[in-house]
Amino acid sequence: MGDTGPIVQNIQLYLRDLGYLEDYATGEFDEATRDALQAFQRANNLEATGVANQATIDRLEDVHVLPGEVEEPTPERPDVEERQELIYLASTLVGTPFVFGGATLDGFDASGFIYYVYSQKGHSIPRTIRDQYEASRSVERPNVGDLVFFDSSGGPTYVGMYVGNQTFVHASQSQGVTVSSLEQGYWKERFIEARTIITK
């Protein structure tokens, strides 16, 4: 094999820009890089091996956002760096059990999970799905960290957080915190819209 340093360095730069890795690029596939890669894989519905296989590299290239390609932040909306921090935190919670009414590390319900992630980053948002819906505004195309709402019994009754590439992380009653695709039949049929939460 040839020198993999530049390849690893490029992966590190992508992970850094997406908020998964600190601001460095050594070119060596160290423990920090492996942990960051696993977090990215979990958030993007990939097998969390910590190995940069072709599927992972393809996904990195798909979701990597270059400067100038995202919406300008507003005073009441998290900026790019904050949104990356939100989805990184959310990805570390994958596997946490579902608990009805839960909003702690012991377990989450759907809106409790969103409430917890945003509150850990210093944002004050409502606790319930209906209030989160009303405290947000519709967007044509979601950015990472935006909310995605679903209707299972009339009106917005379920919520998750968009993490890129048509996937979202959410507190599932059957699986706990997990990552799903918006293109999957169950979710696609019940999807209402993506909305940007207005933080305080």
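This is a predicted model: local features need pLDDT of at least 70, side-chain atom pairs count only at pLDDT 80 or more; totals for chains, interfaces and linings use all residues.
View A. Leaving aside residues up to four places away in sequence, Arg195 touches Tyr133, Ser136, Arg137, Ser138, Val139, Asp146, Leu147 and Phe149. For one of these residues, Tyr133, the backbone oxygen lies 3.1 Å from a polar atom of the Arg195 side chain.

**View B. The salt bridge between Glu193 and Arg195.** Glu193 and Arg195 form a salt bridge in which the closest N and O atoms are 2.9 Å apart, and the side chains of these two residues are also joined by a polar contact of 2.9 Å. Glu193 counts as buried at 16% relative accessibility, and Arg195 likewise counts as buried, at 11%. The Arg195 side chain shown here also has a polar atom 3.1 Å from the backbone oxygen of Tyr133.

**View C. The salt bridge between Asp109 and Arg127.** In this pair, the closest N and O atoms of Asp109 and Arg127 are 3.2 Å apart, and the two residues form a salt bridge. The pair links distant parts of the chain, 18 residues apart: Asp109 is in the loop between strand S2 (107-108) and helix H5 (110-120), whereas Arg127 is in the loop between H5 and helix H6 (129-134). Asp109 counts as buried, with a relative accessibility of 11%, while Arg127 is partly exposed, its relative accessible area being 26%. The two partners therefore fall on either side of the 20% limit under which a residue is called buried.

**View D. The salt bridge between Glu189 and Arg190.** Glu189 forms a salt bridge with Arg190, and the closest N and O atoms of the pair are 3.5 Å apart. Glu189 has a relative accessible area of 65% and is exposed, because the limit for that class is over 50%. Arg190, at 25% relative accessibility, counts as partly exposed.

**View E. The salt bridges in overview.** The structure holds four salt bridges, among them Glu193 with Arg195, Asp109 with Arg127 and Glu189 with Arg190.

Notes:
Residues are numbered from 1 along each chain as its sequence is written. Side-chain values use heavy atoms; hydrogens and water are left out. A polar contact is a pair of N or O atoms within 3.5 Å; within protein, one must be able to donate a hydrogen and the other to accept it, and residues adjacent in sequence count only if both atoms are side-chain atoms. Contact means heavy atoms within 4.5 Å. A salt bridge is a side-chain nitrogen of Lys or Arg within 4 Å of a carboxyl oxygen of Asp or Glu. Helices (H or I, at least four residues) and strands (E, at least two) are DSSP runs, numbered from the N terminus. Buried means under 20% relative accessible area, exposed over 50%, partly exposed in between (1.4 Å probe, protein chains only).
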